[in-house]
Amino acid sequence: MALKPNLAVASALVLPPLIAPKSGMIRSLFGEPNRGKPFGALCAGWCIIAVLLLVDRLPAAGESTISDEKQTSGTLECCKNVPSRAVMFAKADLDQKPAVTGPPGMVWVPGGDFTMGGVGSGVRPDELPRHRVRVDGFWMDQTEVTVTQFRRFVDATGYTTTAERKPDWEELKKQLPPGTKKPPESVLVAGSMVFVPTREPVSLDDWQQWWAWIPGANWRFPEGPDGAPAPDDHPVTQVSWDDAAAYAKWANKRLPTEAEWERACRGNLEGKVYAWGDDEPSDENIRANIWYGDFPYAGKATDGFLLTAPVKSFPANGFDLYDMSGNVWEWCSDWYGTDQYTIDEKAAAGGLTVNPHGPASSHDPSTPFLPKRVTRGGSFLCNEQYCASYRPSARMSTSPDTSQNHLGFRCVTTPAQWDETRNAK
Ligand SMILES: [Ca+2]
Ligand SMILES: [Ca+2]
């Protein structure tokens with residue numbers, strides 16, 4: 001940017017030669033006017049230098065100047081955008097990390113505004129419309145809740161998970177179309193859903209081909225009693241939403257809202273398809289524990305793991321959170337609403353949706369009898385062929401009493417909740 005020449009400076013350069021003949025002081029500096037050619041040459045040279053300096057300091061076409069900027073910004077500040085002290089307070093606490101040390105194993109996710117919703121060609125209808133959302137800052141578990149952490153909860157409380165209890169047909173039938181026949185008692189036993197790879201390629205429009213009800217499958221033995229015990233440093237799985245909420249209550253934490261979860265997953269990286277950018281994961285671009293090979297019959301442990309991986313096996317995101325993408329799905333607190341983003345955007349009337357908590361009850365026309373809670377982040381089963389749900393915006397949902405061997409959770413807490421926890425000790 002060139003500076004606009006100052007009139008006084010220009011005058012100082014140009015005027016002395018012109019007035020020199022009449023000024024005693026200047027005459028002493030520039031010499032007598034009747035000295036002929038040398039004096040005339042001096043005057044001419046001085047003027048040329050002055051003009052060159054002026055030209056050099058003039059702004060180029062389309063270039064603003066400091067004077068212009070001062071004038072423009074002054075106009076904006078004074079006439080169009082009058083400052084208000086209230087504005088100074090509106091976002092004062094939003095981005096600020098509390099001064100106190102955070103809860104062990106949790107990292108601070110700064111509050112702020114972000115665009116919630118899908119990016120890229122693989123977006124599904126329930127990820128749209130993209131809309132502006134504001135969330136307050138919060139602490140979040142740096143990893144998915146591990147088997148060791150969940151065991152502490154069970155040991156302390158004697159809690160029995162949903163998968164460890166015999167299903168109640170009276171409750172189950174409420175989630176099914178009227179008239180659905182009761183299954184035999186031999187089927188209504190404690191157990192859970194387990195991924196079983198198919199032997200050959202199958203159509204991907206029927207998940208029941210690769211999910212089985214395995215009696216005895218639970219958080220201790222995620223693949224069933226004949227499988228290996230759950231490793232301590234892996235995320236706990238085979239936990240229902242009810243189990244996750246019970247753990248969170250015991251820990252004086254809570255499950256994240258869907259908006260908090262997406263804010264955290266994006267790691268402050270706006271407008272990207274994935275938590276790490278726009279580059280698609282592949283055999284050469286390993287970013288998270290997902291499915292490699294042909295789904296659901298020919299998995300490859302390209303990333304080192306066919307099922308769950310120990311937490312922190314893959315790089316953290318921009319907020320220092322691990323496995324937000326992949327490894328296991330994570331329960332959120334919200335009921336699922338297919339069209340919730342449309343409702344939120346309309347209610348915000350072009351403005352911000354602030355700390356959304358989802359609908360009062362779930363709404364999905366494709367499963368009208370089934371109440372569903374949101375799950376996020378994808379799992380070791382997700383892949384580009386099928387769902388690519390390790391994208392930060394991808395939404396999934398299932399009933400609160402469902403447990404699977406690729407579904408876990410992590411918790412969040414607020415500064416107020418953390419203060420409460422510390423004061424209680
Ligand atoms: Ca994997
Ligand atoms: Ca995860």
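This is a predicted model: local features need pLDDT of at least 70, side-chain atom pairs count only at pLDDT 80 or more; totals for chains, interfaces and linings use all residues.
Let me start with what covers helix α10. After the helix comes Ala349, which has a positive phi near 50°.

Now the sheet. There is an open sheet of 4 strands, in the order β12-β11-β9-β13, and the pairing is mixed. The edges are β12, residues 395-398, and β13, residues 407-408; each has a single partner strand, so one side of each has no neighbour in the sheet. In general, strands of a sheet pair through backbone hydrogen bonds, parallel or antiparallel. Here β11, residues 373-376, and β12 run antiparallel and are joined by 4 bridges. If you want one pair to look at, Arg373 has Thr398 in β12 as its bridge partner.

What lies across β9 and β11? That is helix α9, residues 258-266, which runs at about 140° to β9, residues 329-335.

Helix α9 also brings us to the core. The largest nonpolar core has 56 residues. Met140, Val236, Ala244, Leu255, Ala264 and Trp291 have the most contacts inside it. The elements that give two or more residues to this core are β1 (106-109), β4 (138-141), α6 (147-157), β5 (191-195), α8 (241-250), α9 and β9. Helix α8 supplies the largest share, 4 residues. As a general point, nonpolar side chains in soluble globular proteins tend to be buried together.

Take Val236 from that list. Leaving aside neighbours within four places in sequence, its contacts are Val145, Thr146, Val147, Phe150, Trp219, Ala230 and Gly408.

Next, the backbone geometry. Most residues other than glycine have a negative phi, and most peptide bonds are trans. Which peptide bonds are cis here? One joins Leu128 and Pro129, with omega about 0°. Pro129 sits in the loop between β2, residues 112-116, and β3. Another runs from Phe295 to Pro296, again cis, with omega near 0°. Pro296 is in the loop between β7, residues 292-294, and β8, residues 298-300.

Then there are positive phi values at residues that are not glycine. Asp323 has a phi of about 55°, and its place is in the loop between β8 and β9. Is Asp323 buried or exposed? It has 29 C-beta neighbours inside 10 Å, so it counts as buried. Ala388 has a positive phi of about 45° and is found in the loop between β11 and β12. Ala388 has 20 C-beta neighbours inside 10 Å, and therefore it counts as buried too.

To finish, the overall figures. The protein has 11 helices and 14 strands. Of its 425 residues, 34% are buried. Among contacts between residues at least 6 apart in sequence, 73% join residues at least 24 apart.

Key. Residues are numbered from 1 along each chain as its sequence is written. Chains are lettered from A and ligands numbered from 1 in the order in which they are written. Two strands pair if DSSP finds at least two bridges between them. Two residues are in contact if their C-beta atoms, placed from the backbone, lie within 7 Å. Axes are lines fitted to C-alpha atoms, for helices over the stretch in contact, and angles run from 0 to 180 degrees between N-to-C directions. A nonpolar core is a set of buried Ala, Val, Leu, Ile, Met, Phe, Trp, Tyr and Cys residues joined through C-beta atoms within 7 Å. A residue is buried if 20 or more other C-beta atoms lie within 10 Å of its own, exposed if 12 or fewer, and partly exposed in between; C-beta atoms are placed from the backbone.
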